[in-house]
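Have it open while you read, and look up each spot as it comes along.

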Amino acid sequence: MSKWMVYGKKADFKGIAKEYNIDMVTARIIRNRDIITKNDFDMYLNGDLNSLHNPELLKDVKLASNILIDKIKSGKKIRIIGDYDIDGICSITILYKGLTRCGANVDYVVPHRIHDGYGINERLIDEAYEDGIDTILTCDNGIAAINQIKHAKDKAMTVIVTDHHDIPFEMINDEKNYSLPNADAIVNPKQLDCNYPFDGICGAVVAYKLIQVLYKLMGVSSSDSKLTADTKDLEDFLEFAAIATVGDVMNLINENRVIVKYGLKHIAQTSNIGLRCLINACELDINNINSYHIGFVVGPCLNASGRLESANIAIKMLLSSNYDEANKLAIKLKELNDERKELTENEAKKAFELIDSTSLKDDKVLVVYLPDCHESIAGIIAGRIREKYYKPTICLTNGEDCIKGSGRSIEGYNMFEEISKVKGLLTKFGGHPMAAGLSLSPDNIDAFRTALNSYQSLSSEDLTPKTWIDVPMPLDYVSFDLINEFSVLEPFGKGNEKPIFADRNLKVVSARIIGKNRNVLKLQLQTINGHIVDAIKFKAEENDIPELNSNINIIYYPDINEYMGNRKIQFIINEIG
């Protein structure tokens with residue numbers, strides 16, 4: 001069970017509620033998302049496509065566009081090199097369709113996750129050179145490819161980098177010394193001298209902004225009129241910018257929230273055949289696609305292609321203009337994701353058994369070696385282990401020529417810094433505070449595990465998950481109107497999580513396990529005012545059933561249950577305490 005914490009952020013909630021015509025509970029939730037100023041509240045509640053930041057503020061975006069215009073007019077060959085994940089797939093789709101619309105001689109290449117690894121490499125550059133490519137355009141990668149881009153420049157190739165990852169640096173005399181590749185143009189809002197007002201966008205949004213500027217400079221049109229920000233092409237691209245923003249787990253704040261809100265809404269009328277086919281293959285209602293569907297259904301299908309085969313399958317589907325072809329590819333992606341889910345379940349089960357039956361269970365940092373685990377799902381397995389045990393976790397597996405590892409951390413444990421302390425045992429590693437990737441020799445597995453655990457200073461407090469409660473709200477306060485009002489908080493996701501509420505001293509009137517898999521706890525609870533309410537808890541077990549007439553505390557989210565034309569308020573329970 002987690003430790004329950006209540007937000008204590010201050011504001012004039014009464015004034016905010018009055019100004020925006022919302023309940024004070026809603027005002028509190030928004031404030032808890034670090035929305036503070038009037039401009040912040042306006043953007044959060046009323047932001048629209050006109051609120052998106054001017055793409056021309058991105059450093060080098062005009063330079064990159066003008067280079068591309070020159071290459072297009074002179075018929076030079078352009079090659080897009082993206083990444084194999086959902087952000088890279090959507091970035092390539094946007095750039096390829098946009099450049100093709102502009103008349104470019106363009107193709108694309110995606111690195112293979114296992115054979116190439118992440119990002120551009122010398123082999124891809126040599127292949128491009130041999131294919132007569134004049135210009136390489138990266139997306140969702142390239143900012144750290146200093147040696148690789150030098151290799152391309154030594155061959156007299158033009159290189160444009162579009163990326164959103166952190167600028168690489170070295171610590172010299174306790175100062176960060178940043179290094180940038182010697183590209184002809186770099187479009188990345190993380191650059192220190194970039195004036196773009198929000199650096200939390202994903203690679204596909206960077207690509208979207210570049211195409212916006214390119215279209216404007218070229219005067220591209222779908223008819224006799226010049227293309228403007230609200231024309232069909234860019235609306236279609238906004239869908240992929242939204243999908244990538246959710247799929248790449250970007251914070252849903254600032255313009256990301258607007259992009260996702262409008263991009264997902266536009267999917268209902270999408271003209272992209274492949275996207276329609278994939279949504280249909282996943283048995284989703286295209287008129288009601290939300291961030292959950294992207295993050296946990298559609299997105300994993302797109303990612304599965306790059307994990308188990310090639311991301312080319314997903315890109316080909318999104319670029320297809322033939323229904324039969326797109327539908328076949330969509331079904332293939334669904335099958336790959338089902339395979340990925342089965343692999344994940346099997347390997348996660350092995351991991352749990354290994355931890356519970358060995359001395360691993362006593363470690364504060366879990367280093368779990370699963371030799372037969374597909375290396376593309378090692379990060380997912382690490383996440384599953386971290387979720388179950390709430391400990392920093394690194395999942396190791398056999399790579400082609402070494403041991404590969406992927407890590408997922410918890411708050412209070414900077415995985416990148418901790419691994420840096422033992423980097424002498426590794427052949428390669430990289431990452432950030434919450435995740436990391438690494439390679440090492442099989443002989444160093446035990447030493448790596450021992451060293452990480454000897455250096456760690458995690459306390460029992462650090463190893464206790466925390467649940468932040470937005471508002472301690474009595475169940476009696478909840479109404480249909482309030483639940484409907486919570487729609488102004490959507491889309492939910494990282495940085496704008498679904499709100500959590502709490503109530504206490506609720507009397508258990510009835511409690512039973514239901515469902516085909518016997519894993520749903522159905523309750524009737526009596527509030528302190530004597531009202532009887534329905535509640536439900538998913539992923540429950542028999543020992544979760546509370547005693548009748550006992551008093552319990554809950555953290556919950558209110559929902560509306562509709563059945564046979566009847567609408568009732570139902571409380572979705574996260575935890576019982």
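1. Start with Ser91: leaving aside residues up to four places away in sequence, Ser91 touches Cys139, Asp140, Gly203, Ala204 and Ala207. Contact here means heavy atoms within 4.5 Å. Ser91 sits in helix H5 (residues 86-101); helices (H or I, at least four residues) and strands (E, at least two) are DSSP runs, numbered from the N terminus. Is Ser91 buried or exposed? Ser91 is buried, with a relative accessible area of 0%, where buried means under 20% relative accessible area (1.4 Å probe, protein chains only). As for Glu562, it is 471 residues from Ser91 in sequence and 39 Å away in space, C-alpha to C-alpha.

2. Before going on, keep in mind that this is a predicted model: local features need pLDDT of at least 70, side-chain atom pairs count only at pLDDT 80 or more, and totals for chains, interfaces and linings use all residues. Residues are numbered from 1 along each chain as its sequence is written, and side-chain values use heavy atoms, with hydrogens and water left out.

3. Now helix H2 (residues 24-32), which is mostly covered, with seven of its nine residues buried. Those are Val25, Thr26, Ala27, Ile29, Ile30, Arg31 and Asn32. What lies over them? The cover includes helix H1 (13-20), H3, strand E15 (471-472), helix H18 (480-485) and strand E16 (501-514).

4. Next, a helix pair. H13 (residues 312-319) and H14 (residues 323-357) pack at an angle of about 145°, with axes 9 Å apart; axes are lines fitted to C-alpha atoms over the stretch in contact, and angles run from 0 to 180 degrees between N-to-C directions. On the H13 side, Ile313, Ala314, Lys316 and Met317 do the touching, and in H14 they meet Glu325, Ala326, Leu329, Ala330, Lys332, Leu333 and Leu336. By class, that contact has eight nonpolar, no polar and three charged residues. Ala, Val, Leu, Ile, Met, Phe, Trp, Tyr, Cys and Pro count as nonpolar, Asp, Glu, Lys and Arg as charged, and the others, Gly among them, as polar.

5. Last, the lining of the largest cavity: Met43, Tyr44, Gly47, Arg257, Val258 and Lys261. A cavity is a set of points on a 1 Å grid over the protein atoms alone where a 1.4 Å probe fits but cannot get out, and lining residues have an atom within 4 Å of a point. Helices H3 (38-46) and H10 (254-267) each give two or more residues to this lining, with H10 giving the most, three.

Terms used. 1 Å grid on protein atoms, 1.4 Å probe; cavity = no way out; pocket = protein on both sides within 12 Å on 5 of 7 lines; lining within 4 Å. Buried < 20%, exposed > 50% of the residue type's maximum accessible area, 1.4 Å probe, protein only.
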